[in-house]
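I opened the model to look up a few contacts and charge pairs. My entries follow in the order I made them.

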Amino acid sequence: MSGVSKACCQIPPIVAQGYQGKGEYKTINGLKTYVTGPESASKAILVIYDIFGFFPQTIQGADILANSNEQKYRVFIPDFFEGQPADITWFPPQTNDHKQKLGNFFQTKAAPPNTLSKIPNVVSEANKLSSSGSFDWSILGYCWGGKITALSSGQDNKLFKSAVQCHPAMVDPNDAKAVNVPMALLASKDEPPNDIEAFKTNLKTPNHVETFPTQIHGWMAARSNLEDAEVRKEYERGYKTVLDFFHKHA
């Protein structure tokens with residue numbers, strides 16, 4: 001693949017079923033947090049999961065980020081929903097009950113201010129696990145987490161050196177105007193193309209915006225069907241693209 005360094009192409013084989021994480025769970029700022037990657041890493045990635053919380057496909061993605069590149073990362077996924085994520089059977093919503101439950105979830109557990117207010121303390125406490133006293137941080141978010149990533153990378157951002165959104169939800173081109181670090185956005189066929197293009201136009205920092213036209217919203221996280229060969233291939237290509245971006249900008 002053009003534009004991807006050799007260092008980013010050593011991704012381990014993707015496990016389609018029954019993935020077992022390579023990391024461990026720690027309590028960070030009171031939140032159960034999946035932590036993976038070498039303790040000696042000088043750089044870290046804060047991963048903001050999608051509304052379905054800890055899923056094998058998302059955990060596997062974190063392990064890929066932590067272990068594939070010549071630049072090693074310590075990767076953290078805090079459980080911002082505190083054990084109460086959305087039920088994956090609600091999405092896409094097929095009934096009024098599903099719509100109501102999803103709407104209520106976005107207004108309560110998934111209201112962005114609830115999560116944004118916790119991130120600085122999570123980062124501060126996670127820095128205590130660094131051998132040097134602090135990490136150089138980047139942020140990556142899936143779906144709902146993409147919105148959190150966009151807002152966390154705005155003009156007041158002093159925590160993160162680079163950012164990646166994967167199949168983001170609630171794409172607002174106005175968010176891009178405030179982004180103050182390099183940002184990548186990997187879109188699926190399900191995000192509104194005009195919003196994705198306008199978001200790219202409004203970015204004033206180095207960026208990589210790409211649409212994966214065969215993939216659904218969620219293909220790099222909880223909704224990824226890794227038993228499908230095409231999905232597995234594009235899941236791997238997505239992570240190679242993310243790693244290459246972080247390799248250049250983190």
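Which residues does Tyr 142 touch, not counting residues up to four places away in sequence? I list Val 47, Ile 48, Tyr 49, Asp 50, Thr 58, Cys 166, His 167, Met 220, Ala 221 and Tyr 239, where contact means heavy atoms within 4.5 Å.

Ground rules. I am working on a predicted model, in which local features need pLDDT of at least 70 and side-chain atom pairs count only at pLDDT 80 or more, while totals for chains, interfaces and linings use all residues. Residues are numbered from 1 along each chain as its sequence is written, and side-chain values use heavy atoms, with hydrogens and water left out.

Core. The largest core has 73 residues, and Tyr 142 is among the members that touch the most others, along with Leu 46, Leu 65, Phe 76, Trp 137, Leu 140 and Val 242. Helix α8 (residues 229–249) gives the most to this core, six residues. Helices here are DSSP runs of H or I with at least four residues, and strands are runs of E with at least two, numbered from the N terminus.

Salt bridges. I counted a side-chain nitrogen of Lys or Arg within 4 Å of a carboxyl oxygen of Asp or Glu. The whole structure has eleven. For burial I used relative accessible area: buried under 20%, exposed over 50%, partly exposed in between (1.4 Å probe, protein chains only).

Lys 147 pairs with Asp 175, closest N and O atoms 2.7 Å apart.

Arg 237 pairs with Glu 234 at 2.9 Å between the closest N and O atoms. The two are three residues apart in helix α8, about one helical turn. Arg 237 is partly exposed at 22%, whereas Glu 234 is buried at 5%. I also find both in a salt-bridge network with Glu 210, Glu 230 and Lys 233.

Strands β1 (residues 24–28) and β2 (residues 31–36) pair antiparallel over five bridges; pairing requires at least two DSSP bridges. Lys 26 stands opposite Thr 33 in β2. Two residues separate the strands, and Asn 29 in the turn has a positive phi of about 50°.

Terms used: Core = buried A, V, L, I, M, F, W, Y, C linked by side-chain atoms within 4.5 Å.
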